[in-house]
Amino acid sequence: MTSNGVFSGVRVIELAQYVFVPGASVLLADQGAEVIKVETTGVGDPYRTLKVGDGREVGATNLAMEQNNRGKKSIALDLKTEEGREALLKLVETADIFLTSLRPKAIRGLRLDVEDLRARNPKIIYARGNGLGFKGPEADKAGFDSSAFWARGGMSHVFTIPGNQPTPPRPAFGDHSGSMSLAFAMASALFKRAATGEPSVVETSLLATAVWMLSSDITYNQVPGYTVHGKGASRFPLMQGYPSKDGRMILLMLLDPRPHWPTLCRMLGLEELVNDPKFHDNEARIKNADELAGIIGGVIGAKDWSHWQPIFEAWDAPWELVRNLDDVATDPMALANEMIFPLTVGEDKIRVVSGPATFDGHAAPLDPKGSPGMGEHTEQLLREAGYSADAIAGLKARNIVQ
């Protein structure tokens, strides 16, 4: 890996808010891209001040902003003025990618559609994400993770036990899922342009992300009688969780039980089951699933996890302990592979999560930096775009830039 990362030299202009789309550009920023976050004067990204009662602050640090905007630059412009729009277009002239989460109607109102930007930079890649997609009658409908991804996309249905209240989503679950798709699209467009010279328009949505993530269910749903919620976990007793005496859950995932069934029986002290006709093959185990699940659960539930830990860790088979968030945050594999890395923000020391891919052995940025203050780089970027000190002062005096 080069000292600057695989996206070194790529400039991204981001006109986006909240998580979904900013979460895509941070994956490029981590690997060396210069990402310029365009914010509205006096307001900024609403995520800077959003309070939803979920305790997302540590000290003076807004964790959500750091997770999705670390390593970026910020310029504050009033895009409803001609001068502010012109300043953005001067940046567009020097950029590789324009990235936005604004709905099509808003983009058209600002005259920042594909044709507007290509008039100033014919080679710019235009990337965008929204709730439901950019074609069809609802392209301008507002969409957030909980609505467009979780509810509209079927996620709430498949993760809700029938008869219960809808299962709520985890914070930014759909946003970060969609971010990966949008980052992939931008990287693909850069590759195409390098190979052919042709820029692309790339887009995805929270709905498209949900449909892809549920692609197996949606495909299998064509089979007559297919049901999302199955017939109960014990139908597959070697593919379910069993609690230890102290309440830790051990998940078996023996998709192909044949090589593992004898060793499982022996390690649980159930040697007599290896060749028992009721359990000797998968068809028999499914037929007698409730009985087998009761036997396995009774053995595992009689001892604490501390008893089972060395036994299971010595077993070369697909299983896992169901981990809580503290476990995951300190998982030695997560740390060794830079899935989580430390970040210093002012006087606070926090941890944030890397993108899910490594580049030449690194997932975390080589030189981690926190998220920018709102408008922190306005003067620097305007000077680079050719504005004089007097011109910048004049724009500031009229609140066109901040």
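The largest cavity of this predicted model holds about 50 Å³ of space. A cavity is here a set of points, on a 1 Å grid over the protein atoms alone, where a 1.4 Å probe fits but cannot get out; its volume is the space filled by probe spheres set on the points, which are joined across faces, edges and corners. Lining residues, defined by an atom within 4 Å of a point, are Phe236, Pro237, Leu238, Met239, Leu254, Pro257, Asn282, Arg285 and Ile286 for the largest cavity. By class, seven of these are nonpolar, one is polar and one is charged (nonpolar: Ala, Val, Leu, Ile, Met, Phe, Trp, Tyr, Cys and Pro; charged: Asp, Glu, Lys and Arg; polar: the others, Gly among them).

Two cavities reach 30 Å³ or more. The second largest cavity contains about 30 Å³ of space, and its lining consists of Thr100, Leu102, Pro104, Ile107, Tyr126, Arg128 and Phe134. Two or more of these residues come from each of α4 (104-110) and β7 (125-130), helices (H or I, at least four residues) and strands (E, at least two) being DSSP runs numbered from the N terminus. This lining comprises five nonpolar, one polar and one charged residues.

Ser215 belongs to helix α10 (residues 215-220). The side chain of Ser215 lies 2.8 Å from the backbone oxygen of Trp212. With a relative accessible area of 24%, Ser215 is partly exposed (between buried, under 20%, and exposed, over 50%; 1.4 Å probe, protein chains only).

Residues are numbered from 1 along each chain as its sequence is written, and side-chain values use heavy atoms, with hydrogens and water left out. Local features require pLDDT of at least 70 and side-chain atom pairs pLDDT 80 or more, whereas totals for chains, interfaces and linings use all residues.

How values were computed
On a 1 Å grid over the protein atoms alone, a cavity is a set of points where a 1.4 Å probe fits but cannot get out, and a pocket is an open set with protein on both sides within 12 Å along at least five of seven lines; lining residues have an atom within 4 Å of a point. A polar contact is a pair of N or O atoms within 3.5 Å; within protein, one must be able to donate a hydrogen and the other to accept it, and residues adjacent in sequence count only if both atoms are side-chain atoms.
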